Amino acid sequence: MSEHRRKPPQPQGGGRAAARRGLSGSSSGRRAAPRGATGSLSDSYGSGSYDPGGEERPYGGRAEARRAAQRSGGGRRRAPEAGRGGRRAAPGGPNGPGRGRGPAYDKKRIIDYPRAGKYGWQRWMPSWKLVTGLFIAFLGSLVAVAGIGYAMVGKPVVDKTATAQNNVYYWSDGSEMVATGGETNRQIVSLAQIPKEMQYAVISQENKTFYTDSGIDPKGIARAVFNMARGGETQGGSTITQQYVKNAMLNDQSQTISRKFKEILVSIKVGAEVPKDQIMEGYLNSAYYGRGAYGIQAAARTYFNKKAIDLNPGECAFLAAMLKGATYYDPAGNAAIDPVNATPEANRKRALRQMQDTLNKMVEYGHLDAGERAKYTKLPKVQNPRSNTQLSGQIGYLVDLAKGYVVNNSNITKDDLDRGGYSIYTTFDKKKVKELEDSVKKVQKANIKPKERPKTDTHVQFGGASVDPKTGAIKAIYGGEDATKHFTNNADVTGAQVGSTFKPFVLAAAMKWGVRNPELGPEQAQDERTKVSPKSFYSGKNKLKIKEYDGDIWKNEKGQEWLQVNDGDQSYGTPPNYRIDLREAMRESVNSAFVQLGMDVGLDKVKEAAVDAGLKPDSLAGTDYPSFSIGISDPSAIRMAGAYSTFAASGKQRDPFSVTKVTSKDGTVYQHETKTKDAFTEQVADNVTDVLKTVVDKGTGTNAQLPGRDVAGKTGTTDGNKSAWFVGYTPQLSTAISMFRYPDDENVKNRTFLEMYGTGGQKSIHGASFPAEIWHDYMEQALKGEAPEPFPTPEPIGEVVNDVPVPTPTPTPSQTEEESSPSPSPTPSESQTSPSPSPSDSCFGFGCSDNGGVGNGGTDGGVTSSPSPSGTEETGNSRGNGNGGGLFGGPTG
């Protein structure tokens, strides 16, 4: 028979009948045995299994071979047929490992995961037995770890804790200034020496269940762990026991889960093994009350100069408030740490509120009689915070300034500084600090005589700061008479308004952005401006009617107009329009010209220029009133010196700083990096300097002249003669000097800045008088030995604005100057203001002063009052307030 007629090989294992059974089994939907094992037609004629040449191959190709190998290696195999079309038994018989398991699964596992005999997502879903077992094992391990930890931790011993070290402060030359800040001010006393009221005060405020709880607060612990897990700060232990343990573990104050876990274990052990009275004693003896005082005895001495046992309930409630954090509760304030929220006024309010709350709770919980509680409605009188004689003179102010800078500009906290161990390298020049102090004392001793003139010469204060324009380093400050007697740093924020020393920022804004086009709407006018030349003309007329940039008369919310008064109630410039160029207006400190210039530029731009120069936005008043341009804001002497440094440095702005680096046992932990910003172009800054140089050469600042040196500066006197300034600079040094009257006694109610008429034997105080004299004496010594440097020659800038005189209508012979500029006649009630008016309720009547009203000024541009209808003048200005205005202008000069 020929090759192509040969019959195909017959299936093995039963002939045609077996073949039919194979086909029947295949068509039934149930798989038969593997190809090649059953002899089915599908195997004989499958993909490539039959060779037309007559040779039979076991598999159709490499892929089929791999699949066959996988099937034979323990995959999803089928056992020999149990019958026609039936299922095949699993390997190993009916009691084998089960369907789908191969030899690899025959051996039982301790943890059945991934789960055997399951497919898809079920294979990866753990069984309830596994989950339960793991949970029990986890709890067991926690119990074991906790038990081991509980056995290993010890109970704290108070007299071995709080081993604080000193912080060492260094002058700019590297010599030691003072070692302070880490003294261990502590004296352990027994619970019998601590008043029951003190114990009940902390229990009522901190932990009313102290005598019944186990020593820990699970909710507080969970909250702290959650905060740490999120990367936030932990919240302190919420029970007295936990706080005691935390206070006693001063060698490890890291905010970590491991430390918190250790604290919890110690708290549990203390709560279980230590009597409650002993815990209370330990807590009150280990707690930090501020001012370097650890423990109740030290706190009683520090705040009240008495023993703890002699504290009354009000004093106890006060000290309980200090445990909340003395930074924000100490009545003396911590402005160096937080000048906005930790002022003396804010802290006193906060401490009183907390003290009253504690007393109320003591009554509520039955720890204090209501009649006794009624005796304590005011804060108790506390001592000056600086009793350390090492901090006398200016040292205390310098240390506070450096501490505040470190806390606000590094990762070092106030608590870290309290524990000590740091070397703090400052920018303070020992020689310059002494020279500034001597210059103030010289003027003060020669002129201020409170015994001879108690009505005018009491409460007189000075402040000052000196900054290097090239770096921003604070070289010297004058904070007050003595840091151990007067604890408000007058070089920092005092609330004294700066007056006409603010005018250079108006000029800088006019040169940088320009005046708006009066023919355009507000939005378009912002984009189309004309930069101003110092040769531009403005009106120096007294009682000038102030206008909006588009020529409309400015009016307040009551529809009243604004008439700006000049110093001496006189006009400047050439009649009849009293045209005066901006250089001369700055030289003579003409208010009307700069108030109108500010309106033309936009007060928002004036404020922006001041901030660009280096003033802090929160020290600036609102821009709702035209008087903003003439200094109703109250920046610090440090910031004013720094802002003028920007002009001295040709527009390069560098924030003032007091610390160059901080080191500890771990090495350098802080290093200052000077950041320079381009606040103004050289053209703008140098032109401002050139105009301010005119002020010193032949204007109101001639007392500040330094022979052979270029000096630029500006005088300033405020409304009611309540503060006076001189701020000036050379290319090497910028210095600001302030003078004001403000009661030092915190017990004086409604303290306000006092007028300085007659102070020092002078009719009134001007920036050109004592402040300029102090500035001159200090700078003369501070720059001795340094070669004089000239200011850069400015490039011409801007256009001459208002070059064409505006015709003025000639008044009739019967008209007076006031009648030619009519304004509504205010009623007597409109002429009265509250001590601290806000912009919405400021006075606009005759004789108004305070924050923008008419006041008296001096030769450097202070405004002079006009009589009110009743012939009286309303005065009084709260410290740190500066908004609003009067009918005749703002409070500056």
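How many residues does the hairpin use to join E17 to E18? The hairpin gets from E17 to E18 through 4 residues.

## Ground rules

This is a predicted model, where local features need pLDDT of at least 70, side-chain atom pairs count only at pLDDT 80 or more, and totals for chains, interfaces and linings use all residues. Residues are numbered from 1 along each chain as its sequence is written, and side-chain values use heavy atoms, with hydrogens and water left out.

Helices (H or I, at least four residues) and strands (E, at least two) are DSSP runs, numbered from the N terminus.

Strand E18 covers residues 734-741. 8 of the 8 are buried (under 20% relative accessible area, with exposed over 50% and partly exposed in between; 1.4 Å probe, protein chains only), so the strand is largely enclosed by the rest of the structure. Both of its faces are covered: one side has Ser734, Ala736, Ser738 and Phe740, and the other has Thr735, Ile737, Met739 and Arg741.

E18 pairs with two strands here (pairing takes at least two DSSP bridges). E4 (residues 460-467) runs antiparallel to E18 and is joined to it by 8 bridges, with Val460 opposite Arg741. E17 (residues 723-729) is also antiparallel to E18, with 7 bridges, and there Trp725 has Ser738 as its bridge partner.

## Helix H25

H25 (residues 770-782) has 13 residues and reaches 18 Å from first C-alpha to last, close to the 18 Å expected at 1.5 Å a residue (that is, 1.5 Å times one less than the number of residues). It's mostly covered, with 10 of its 13 residues buried, among them Phe770, Trp775, His776 and Tyr778. The cover (contact is heavy atoms within 4.5 Å) includes helix H16 (430-447), E4, strand E5 (474-478), E17 and E18.

## Helix H23

With H23 (residues 637-648), 12 of the 12 residues are buried, so this helix is largely enclosed by the rest of the structure. The buried residues include Arg639, Tyr644 and Phe647. Ser650, which follows H23, has a positive phi, near 60°.

Phe135, Ile136, Phe138, Leu139 and Leu142 make a nonpolar surface patch of about 500 Å². Leu142 is found in helix H4 (residues 128-152), and at 42% relative accessibility Leu142 counts as partly exposed.

Patch residues have over 30% relative accessible area and no salt bridge, and nonpolar side chains are joined within 5 Å, like charges within 9 Å. A salt bridge puts a Lys or Arg side-chain nitrogen within 4 Å of an Asp or Glu carboxyl oxygen. Areas come from the Shrake-Rupley method with a 1.4 Å probe.
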